[in-house]
Number of protein chains: 2
Amino acid sequence: MKGLPSVEKAILALSRFPGVGRKSAQRMVHFLLRGDGAAIEQLVHALESLRQSVGYCVDCHNLAEGERCWVCLDPGRNKSLLCVLEAPADLMAMERAGVFRGRYHVLGGRLSPLDGIGPEQLHLDSLKSRLQEGSIQEVVIATNPTVEGEATAHYVAQMSQPWVTRVTRLAYGLPMGGELEYLDESTLYQAMQGRRQF
Amino acid sequence: MKGLPSVEKAILALSRFPGVGRKSAQRMVHFLLRGDGAAIEQLVHALESLRQSVGYCVDCHNLAEGERCWVCLDPGRNKSLLCVLEAPADLMAMERAGVFRGRYHVLGGRLSPLDGIGPEQLHLDSLKSRLQEGSIQEVVIATNPTVEGEATAHYVAQMSQPWVTRVTRLAYGLPMGGELEYLDESTLYQAMQGRRQF
(Lines give C-alpha, C1' and ligand atoms only; values in the text may rest on other atoms or scores of the structure.)
Protein backbone atom coordinates (compact mmCIF):
# COMPACT_ATOMS: atom_id res chain seq x y z
CA MET A 1 0.00 0.00 0.00
CA LYS A 2 1.41 3.30 -1.17
CA GLY A 3 3.33 5.10 1.56
CA LEU A 4 2.59 2.41 4.13
CA PRO A 5 5.13 -0.42 3.78
CA SER A 6 4.22 -2.01 7.13
CA VAL A 7 0.55 -2.05 6.21
CA GLU A 8 1.42 -3.65 2.88
CA LYS A 9 3.57 -6.24 4.62
CA ALA A 10 0.78 -7.12 7.04
CA ILE A 11 -1.70 -7.42 4.15
CA LEU A 12 0.64 -9.81 2.36
CA ALA A 13 1.20 -11.89 5.49
CA LEU A 14 -2.52 -12.16 6.21
CA SER A 15 -3.51 -12.92 2.63
CA ARG A 16 -1.38 -16.06 2.77
CA PHE A 17 -4.10 -17.66 4.90
CA PRO A 18 -6.26 -20.10 2.97
CA GLY A 19 -9.46 -18.42 1.83
CA VAL A 20 -8.23 -14.93 2.63
CA GLY A 21 -7.85 -12.64 -0.37
CA ARG A 22 -6.27 -9.23 -0.55
CA LYS A 23 -9.53 -7.48 0.23
CA SER A 24 -10.23 -9.49 3.37
CA ALA A 25 -6.63 -9.00 4.47
CA GLN A 26 -7.05 -5.25 4.05
CA ARG A 27 -10.17 -5.34 6.18
CA MET A 28 -8.28 -7.33 8.80
CA VAL A 29 -5.48 -4.77 8.91
CA HIS A 30 -7.96 -1.91 9.30
CA PHE A 31 -9.59 -3.87 12.09
CA LEU A 32 -6.23 -4.33 13.81
CA LEU A 33 -5.34 -0.65 13.48
CA ARG A 34 -8.59 0.51 14.98
CA GLY A 35 -8.28 1.44 18.63
CA ASP A 36 -5.11 1.39 20.67
CA GLY A 37 -3.30 -1.61 19.27
CA ALA A 38 -4.69 -4.01 21.88
CA ALA A 39 -6.02 -6.26 19.10
CA ILE A 40 -2.54 -6.61 17.62
CA GLU A 41 -1.04 -7.34 21.01
CA GLN A 42 -3.60 -10.06 21.74
CA LEU A 43 -3.04 -11.69 18.39
CA VAL A 44 0.74 -11.59 18.66
CA HIS A 45 0.46 -13.11 22.12
CA ALA A 46 -1.77 -15.92 20.87
CA LEU A 47 0.59 -16.62 17.96
CA GLU A 48 3.66 -16.70 20.18
CA SER A 49 2.02 -19.16 22.50
CA LEU A 50 0.91 -21.23 19.52
CA ARG A 51 4.49 -21.40 18.32
CA GLN A 52 5.90 -22.21 21.73
CA SER A 53 3.34 -24.64 23.09
CA VAL A 54 2.05 -26.66 20.19
CA GLY A 55 3.97 -29.61 18.83
CA TYR A 56 3.11 -33.11 17.69
CA CYS A 57 2.11 -36.20 19.65
CA VAL A 58 4.98 -38.71 19.77
CA ASP A 59 2.54 -41.59 19.24
CA CYS A 60 0.01 -40.45 16.66
CA HIS A 61 1.43 -37.14 15.28
CA ASN A 62 -1.72 -35.22 16.20
CA LEU A 63 -1.22 -31.69 17.48
CA ALA A 64 -0.23 -31.78 21.14
CA GLU A 65 0.72 -29.45 23.92
CA GLY A 66 3.12 -31.74 25.70
CA GLU A 67 4.51 -35.09 24.63
CA ARG A 68 1.21 -36.83 23.88
CA CYS A 69 -2.11 -35.54 22.57
CA TRP A 70 -5.38 -35.65 24.54
CA VAL A 71 -6.62 -38.64 22.56
CA CYS A 72 -3.58 -40.80 23.28
CA LEU A 73 -3.69 -39.73 26.94
CA ASP A 74 -7.35 -40.70 27.28
CA PRO A 75 -7.54 -44.14 28.96
CA GLY A 76 -11.15 -44.54 27.77
CA ARG A 77 -10.16 -44.95 24.14
CA ASN A 78 -10.48 -48.32 22.45
CA LYS A 79 -6.91 -49.38 21.71
CA SER A 80 -7.90 -52.05 19.22
CA LEU A 81 -9.25 -49.48 16.75
CA LEU A 82 -6.92 -47.20 14.81
CA CYS A 83 -8.16 -44.51 12.42
CA VAL A 84 -5.56 -43.35 9.89
CA LEU A 85 -5.98 -39.86 8.44
CA GLU A 86 -4.00 -37.22 6.60
CA ALA A 87 -3.89 -34.22 8.89
CA PRO A 88 -4.69 -32.98 12.40
CA ALA A 89 -7.53 -30.91 10.92
CA ASP A 90 -9.19 -34.14 9.73
CA LEU A 91 -8.81 -35.60 13.21
CA MET A 92 -10.49 -32.54 14.72
CA ALA A 93 -13.41 -32.91 12.31
CA MET A 94 -13.76 -36.56 13.37
CA GLU A 95 -13.66 -35.61 17.05
CA ARG A 96 -16.23 -32.88 16.56
CA ALA A 97 -18.53 -35.44 14.97
CA GLY A 98 -17.84 -37.75 17.91
CA VAL A 99 -18.25 -40.88 15.78
CA PHE A 100 -15.04 -42.70 16.64
CA ARG A 101 -13.87 -43.92 20.03
CA GLY A 102 -10.60 -45.54 19.05
CA ARG A 103 -7.23 -43.89 18.55
CA TYR A 104 -5.73 -42.11 15.56
CA HIS A 105 -2.65 -42.04 13.40
CA VAL A 106 -1.96 -38.84 11.49
CA LEU A 107 0.10 -39.38 8.34
CA GLY A 108 1.07 -35.74 7.94
CA GLY A 109 0.01 -35.60 4.29
CA ARG A 110 -0.87 -37.87 1.39
CA LEU A 111 1.20 -39.64 -1.23
CA SER A 112 1.85 -37.20 -4.06
CA PRO A 113 4.83 -38.13 -6.23
CA LEU A 114 4.49 -34.95 -8.31
CA ASP A 115 5.06 -32.88 -5.19
CA GLY A 116 7.89 -35.13 -4.09
CA ILE A 117 5.86 -36.73 -1.32
CA GLY A 118 6.56 -40.46 -1.20
CA PRO A 119 6.07 -42.97 1.62
CA GLU A 120 9.22 -41.71 3.39
CA GLN A 121 7.68 -38.26 3.80
CA LEU A 122 4.67 -39.62 5.67
CA HIS A 123 4.50 -41.08 9.19
CA LEU A 124 4.38 -44.66 7.94
CA ASP A 125 7.31 -46.07 9.89
CA SER A 126 5.68 -45.19 13.16
CA LEU A 127 2.39 -46.62 11.86
CA LYS A 128 4.16 -49.90 11.17
CA SER A 129 5.63 -49.98 14.67
CA ARG A 130 2.20 -49.41 16.16
CA LEU A 131 0.72 -52.22 14.05
CA GLN A 132 3.56 -54.60 14.95
CA GLU A 133 2.98 -53.91 18.61
CA GLY A 134 -0.07 -56.19 18.26
CA SER A 135 -3.01 -54.65 20.09
CA ILE A 136 -4.65 -53.06 17.04
CA GLN A 137 -7.33 -55.21 15.45
CA GLU A 138 -8.98 -52.87 12.97
CA VAL A 139 -7.51 -50.08 10.87
CA VAL A 140 -10.10 -47.55 9.67
CA ILE A 141 -8.73 -45.56 6.76
CA ALA A 142 -10.07 -42.02 6.57
CA THR A 143 -7.90 -40.29 3.99
CA ASN A 144 -9.62 -37.66 1.83
CA PRO A 145 -11.73 -38.77 -1.15
CA THR A 146 -9.27 -37.40 -3.72
CA VAL A 147 -7.02 -39.19 -6.19
CA GLU A 148 -4.05 -38.79 -3.89
CA GLY A 149 -6.05 -39.71 -0.82
CA GLU A 150 -7.13 -42.89 -2.63
CA ALA A 151 -3.59 -43.83 -3.50
CA THR A 152 -2.56 -43.25 0.10
CA ALA A 153 -5.47 -45.36 1.33
CA HIS A 154 -4.40 -48.27 -0.86
CA TYR A 155 -0.84 -48.01 0.35
CA VAL A 156 -1.89 -47.95 4.01
CA ALA A 157 -4.33 -50.82 3.47
CA GLN A 158 -1.67 -53.07 1.92
CA MET A 159 0.75 -52.20 4.66
CA SER A 160 -1.77 -52.90 7.43
CA GLN A 161 -3.32 -56.14 6.11
CA PRO A 162 -0.69 -58.54 7.57
CA TRP A 163 -1.01 -57.13 11.08
CA VAL A 164 -4.72 -56.68 11.71
CA THR A 165 -8.00 -58.58 11.41
CA ARG A 166 -9.85 -55.90 9.48
CA VAL A 167 -8.93 -52.96 7.31
CA THR A 168 -11.91 -50.72 6.57
CA ARG A 169 -12.52 -47.32 5.09
CA LEU A 170 -15.13 -44.62 5.45
CA ALA A 171 -18.18 -45.06 3.21
CA TYR A 172 -18.65 -42.93 0.11
CA GLY A 173 -22.07 -41.63 -0.83
CA LEU A 174 -24.54 -38.79 -0.59
CA PRO A 175 -23.60 -36.10 1.91
CA MET A 176 -26.47 -35.50 4.36
CA GLY A 177 -28.51 -32.41 3.52
CA GLY A 178 -27.13 -32.27 0.00
CA GLU A 179 -29.34 -32.41 -3.07
CA LEU A 180 -28.93 -34.97 -5.81
CA GLU A 181 -29.37 -32.24 -8.39
CA TYR A 182 -26.10 -30.61 -7.35
CA LEU A 183 -23.99 -33.68 -6.76
CA ASP A 184 -21.08 -34.60 -9.00
CA GLU A 185 -21.20 -37.78 -11.01
CA SER A 186 -18.51 -39.64 -9.14
CA THR A 187 -20.28 -39.17 -5.81
CA LEU A 188 -23.51 -40.42 -7.36
CA TYR A 189 -21.60 -43.34 -8.81
CA GLN A 190 -20.20 -44.21 -5.40
CA ALA A 191 -23.61 -43.81 -3.78
CA MET A 192 -25.10 -46.20 -6.34
CA GLN A 193 -22.31 -48.74 -5.97
CA GLY A 194 -22.56 -48.65 -2.21
CA ARG A 195 -26.37 -48.87 -2.05
CA ARG A 196 -27.73 -50.90 0.80
CA GLN A 197 -30.78 -53.07 1.48
CA PHE A 198 -33.56 -50.90 2.83
CA MET B 1 -10.15 -26.96 21.57
CA LYS B 2 -9.99 -29.89 23.92
CA GLY B 3 -6.48 -30.51 25.24
CA LEU B 4 -4.99 -27.67 23.21
CA PRO B 5 -5.44 -24.39 25.10
CA SER B 6 -2.99 -22.48 22.90
CA VAL B 7 -4.79 -23.60 19.76
CA GLU B 8 -8.09 -22.54 21.30
CA LYS B 9 -6.64 -19.14 22.21
CA ALA B 10 -5.35 -18.60 18.69
CA ILE B 11 -8.72 -19.59 17.22
CA LEU B 12 -10.47 -17.07 19.45
CA ALA B 13 -7.98 -14.31 18.59
CA LEU B 14 -8.31 -14.94 14.85
CA SER B 15 -12.09 -15.24 14.87
CA ARG B 16 -12.30 -11.68 16.17
CA PHE B 17 -11.45 -10.49 12.66
CA PRO B 18 -14.43 -9.18 10.74
CA GLY B 19 -15.84 -11.87 8.46
CA VAL B 20 -13.85 -14.66 10.10
CA GLY B 21 -15.90 -17.31 11.86
CA ARG B 22 -14.73 -20.12 14.09
CA LYS B 23 -14.34 -22.49 11.17
CA SER B 24 -12.14 -20.15 9.13
CA ALA B 25 -10.09 -19.40 12.23
CA GLN B 26 -9.55 -23.12 12.73
CA ARG B 27 -8.37 -23.46 9.16
CA MET B 28 -6.02 -20.53 9.69
CA VAL B 29 -4.53 -22.16 12.78
CA HIS B 30 -4.00 -25.43 10.94
CA PHE B 31 -2.35 -23.48 8.16
CA LEU B 32 -0.04 -21.78 10.66
CA LEU B 33 0.89 -25.06 12.33
CA ARG B 34 1.79 -26.75 9.08
CA GLY B 35 5.54 -26.80 8.45
CA ASP B 36 8.21 -25.45 10.74
CA GLY B 37 6.53 -22.41 12.24
CA ALA B 38 7.92 -20.00 9.63
CA ALA B 39 4.40 -18.82 8.80
CA ILE B 40 3.79 -17.83 12.44
CA GLU B 41 7.11 -16.04 12.61
CA GLN B 42 6.40 -14.04 9.46
CA LEU B 43 2.98 -13.05 10.68
CA VAL B 44 4.22 -12.06 14.14
CA HIS B 45 6.92 -9.99 12.49
CA ALA B 46 4.44 -8.23 10.23
CA LEU B 47 2.13 -7.52 13.18
CA GLU B 48 4.95 -6.15 15.33
CA SER B 49 6.01 -3.81 12.58
CA LEU B 50 2.39 -2.78 12.05
CA ARG B 51 2.11 -1.89 15.72
CA GLN B 52 5.41 -0.05 15.82
CA SER B 53 5.38 1.80 12.53
CA VAL B 54 1.82 2.75 11.81
CA GLY B 55 0.19 5.76 13.42
CA TYR B 56 -2.02 8.60 12.28
CA CYS B 57 -1.29 11.63 10.12
CA VAL B 58 -1.16 14.79 12.27
CA ASP B 59 -3.02 16.74 9.56
CA CYS B 60 -5.74 14.46 8.23
CA HIS B 61 -5.78 11.45 10.63
CA ASN B 62 -5.18 8.99 7.80
CA LEU B 63 -2.89 6.06 8.60
CA ALA B 64 0.73 7.16 8.38
CA GLU B 65 4.19 5.77 8.90
CA GLY B 66 5.79 8.96 10.12
CA GLU B 67 4.23 12.27 11.08
CA ARG B 68 2.24 12.86 7.88
CA CYS B 69 0.57 10.46 5.44
CA TRP B 70 1.58 10.07 1.79
CA VAL B 71 -1.36 12.15 0.62
CA CYS B 72 -0.55 15.15 2.81
CA LEU B 73 3.12 14.86 1.81
CA ASP B 74 2.29 14.85 -1.92
CA PRO B 75 2.87 18.37 -3.32
CA GLY B 76 0.80 17.52 -6.39
CA ARG B 77 -2.47 17.44 -4.46
CA ASN B 78 -5.02 20.19 -4.91
CA LYS B 79 -5.14 21.99 -1.56
CA SER B 80 -8.41 23.74 -2.28
CA LEU B 81 -10.35 20.46 -2.27
CA LEU B 82 -10.99 18.55 0.95
CA CYS B 83 -12.78 15.21 1.08
CA VAL B 84 -14.19 14.30 4.51
CA LEU B 85 -14.70 10.64 5.26
CA GLU B 86 -15.20 8.28 8.17
CA ALA B 87 -12.22 5.96 8.20
CA PRO B 88 -8.81 5.28 6.64
CA ALA B 89 -10.35 2.26 4.86
CA ASP B 90 -12.72 4.61 3.03
CA LEU B 91 -9.80 6.80 2.02
CA MET B 92 -7.96 3.78 0.62
CA ALA B 93 -11.01 2.85 -1.45
CA MET B 94 -11.09 6.39 -2.82
CA GLU B 95 -7.40 6.28 -3.66
CA ARG B 96 -7.72 2.91 -5.35
CA ALA B 97 -10.45 4.35 -7.54
CA GLY B 98 -8.17 7.32 -8.25
CA VAL B 99 -11.08 9.72 -8.62
CA PHE B 100 -10.02 12.49 -6.27
CA ARG B 101 -6.91 14.64 -6.45
CA GLY B 102 -7.48 16.87 -3.43
CA ARG B 103 -6.69 16.12 0.20
CA TYR B 104 -8.63 14.25 2.86
CA HIS B 105 -9.87 14.58 6.39
CA VAL B 106 -10.59 11.36 8.28
CA LEU B 107 -13.19 11.79 11.03
CA GLY B 108 -12.33 8.56 12.78
CA GLY B 109 -15.95 7.39 12.93
CA ARG B 110 -19.49 8.65 12.55
CA LEU B 111 -21.93 10.34 14.91
CA SER B 112 -23.73 7.64 16.84
CA PRO B 113 -25.27 8.88 20.08
CA LEU B 114 -26.44 5.39 21.03
CA ASP B 115 -22.82 4.21 21.03
CA GLY B 116 -21.73 7.32 22.91
CA ILE B 117 -20.07 8.85 19.85
CA GLY B 118 -20.80 12.56 19.71
CA PRO B 119 -18.98 15.36 17.90
CA GLU B 120 -16.23 15.40 20.56
CA GLN B 121 -15.27 11.83 19.70
CA LEU B 122 -14.63 12.68 16.03
CA HIS B 123 -11.78 14.72 14.52
CA LEU B 124 -13.94 17.80 14.07
CA ASP B 125 -11.79 20.32 15.94
CA SER B 126 -8.90 19.71 13.60
CA LEU B 127 -11.29 19.90 10.64
CA LYS B 128 -12.40 23.32 11.82
CA SER B 129 -8.80 24.51 12.14
CA ARG B 130 -8.08 23.36 8.60
CA LEU B 131 -11.16 25.16 7.29
CA GLN B 132 -10.30 28.36 9.18
CA GLU B 133 -6.84 28.31 7.67
CA GLY B 134 -8.51 29.59 4.47
CA SER B 135 -7.11 27.69 1.49
CA ILE B 136 -9.93 25.12 1.21
CA GLN B 137 -12.66 26.09 -1.25
CA GLU B 138 -14.71 22.93 -1.55
CA VAL B 139 -15.57 20.30 1.02
CA VAL B 140 -16.63 16.98 -0.52
CA ILE B 141 -18.48 14.88 2.04
CA ALA B 142 -18.01 11.15 1.56
CA THR B 143 -19.41 9.56 4.71
CA ASN B 144 -21.13 6.21 4.29
CA PRO B 145 -24.71 6.07 2.99
CA THR B 146 -26.13 4.92 6.33
CA VAL B 147 -28.38 6.69 8.80
CA GLU B 148 -25.42 7.59 10.98
CA GLY B 149 -23.27 8.55 8.01
CA GLU B 150 -26.07 10.88 6.87
CA ALA B 151 -26.29 12.55 10.27
CA THR B 152 -22.54 13.00 10.26
CA ALA B 153 -22.66 14.46 6.75
CA HIS B 154 -25.23 17.04 7.82
CA TYR B 155 -23.19 18.01 10.83
CA VAL B 156 -20.01 18.42 8.76
CA ALA B 157 -21.89 20.33 6.06
CA GLN B 158 -23.29 22.83 8.56
CA MET B 159 -19.92 23.24 10.17
CA SER B 160 -18.14 23.80 6.85
CA GLN B 161 -20.63 26.14 5.16
CA PRO B 162 -19.28 29.43 6.67
CA TRP B 163 -15.69 28.73 5.59
CA VAL B 164 -15.90 27.46 2.01
CA THR B 165 -17.52 28.28 -1.31
CA ARG B 166 -19.02 24.86 -1.92
CA VAL B 167 -20.00 21.89 0.21
CA THR B 168 -20.80 18.84 -1.92
CA ARG B 169 -21.41 15.17 -1.34
CA LEU B 170 -20.97 12.01 -3.36
CA ALA B 171 -23.91 11.15 -5.62
CA TYR B 172 -26.35 8.37 -4.73
CA GLY B 173 -27.69 6.07 -7.40
CA LEU B 174 -27.28 2.79 -9.21
CA PRO B 175 -24.01 0.99 -8.55
CA MET B 176 -22.27 0.14 -11.83
CA GLY B 177 -22.71 -3.47 -12.83
CA GLY B 178 -25.62 -3.94 -10.46
CA GLU B 179 -29.06 -4.97 -11.65
CA LEU B 180 -32.21 -2.98 -10.96
CA GLU B 181 -33.99 -6.18 -10.06
CA TYR B 182 -31.82 -6.68 -7.00
CA LEU B 183 -31.56 -3.10 -5.82
CA ASP B 184 -33.18 -1.93 -2.63
CA GLU B 185 -35.92 0.66 -2.75
CA SER B 186 -34.03 3.50 -1.18
CA THR B 187 -31.21 3.23 -3.73
CA LEU B 188 -33.77 3.26 -6.54
CA TYR B 189 -35.44 6.24 -4.90
CA GLN B 190 -32.14 8.10 -4.77
CA ALA B 191 -31.35 7.14 -8.35
CA MET B 192 -34.71 8.49 -9.47
CA GLN B 193 -34.38 11.70 -7.46
CA GLY B 194 -30.92 12.30 -8.82
CA ARG B 195 -31.74 11.51 -12.46
CA ARG B 196 -29.94 13.63 -15.00
CA GLN B 197 -30.60 15.00 -18.50
CA PHE B 198 -29.48 12.45 -21.07
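## Domains of chain A

In this predicted model, 35 Å separate the centres of domain 1 of chain A and domain 2 of chain A, taken over C-alpha atoms. Domain 1 covers 5–53 and domain 2 covers 76–197, with bounds from an automatic or database domain assignment.

Local features need pLDDT of at least 70 and side-chain atom pairs 80 or more, while totals for chains, interfaces and linings use all residues. Residues count from 1 along each chain as its sequence is written, chains are lettered from A in the order written, and side-chain values use heavy atoms, leaving out hydrogens and water.

## The sheet in chain B

Chain B has an open sheet of 4 strands, ordered β4-β3-β5-β6 with parallel pairing (strands are DSSP E runs of at least two residues, helices H or I runs of at least four; pairing takes at least two bridges). β4 and β6 (166–169) of chain B sit at the edges with a single partner strand each, so one side of each has no neighbour in the sheet. Neighbouring strands are turned by 25° on average, direction ignored.

Another 4 bridges link β3(B) to β5(B) (residues 138–141), where V84(B) stands opposite I141(B). As for β4(B) (residues 102–106), 5 of its 5 residues are buried, so the rest of the structure largely encloses it (buried: under 20% relative accessible area, 1.4 Å probe, protein chains only).

The axes of α3(A) and α3(B), each residues 38–53, come within 10 Å and cross at roughly 155° (axes are fitted to C-alpha atoms over the stretch in contact, with angles from 0 to 180 degrees between N-to-C directions). The two are therefore roughly antiparallel (over 145 degrees).

Definitions and conventions: Buried means under 20% relative accessible area, exposed over 50%, partly exposed in between (1.4 Å probe, protein chains only). Angles under 35 degrees count as roughly parallel, over 145 as roughly antiparallel, 65 to 115 as roughly perpendicular and the rest as oblique.
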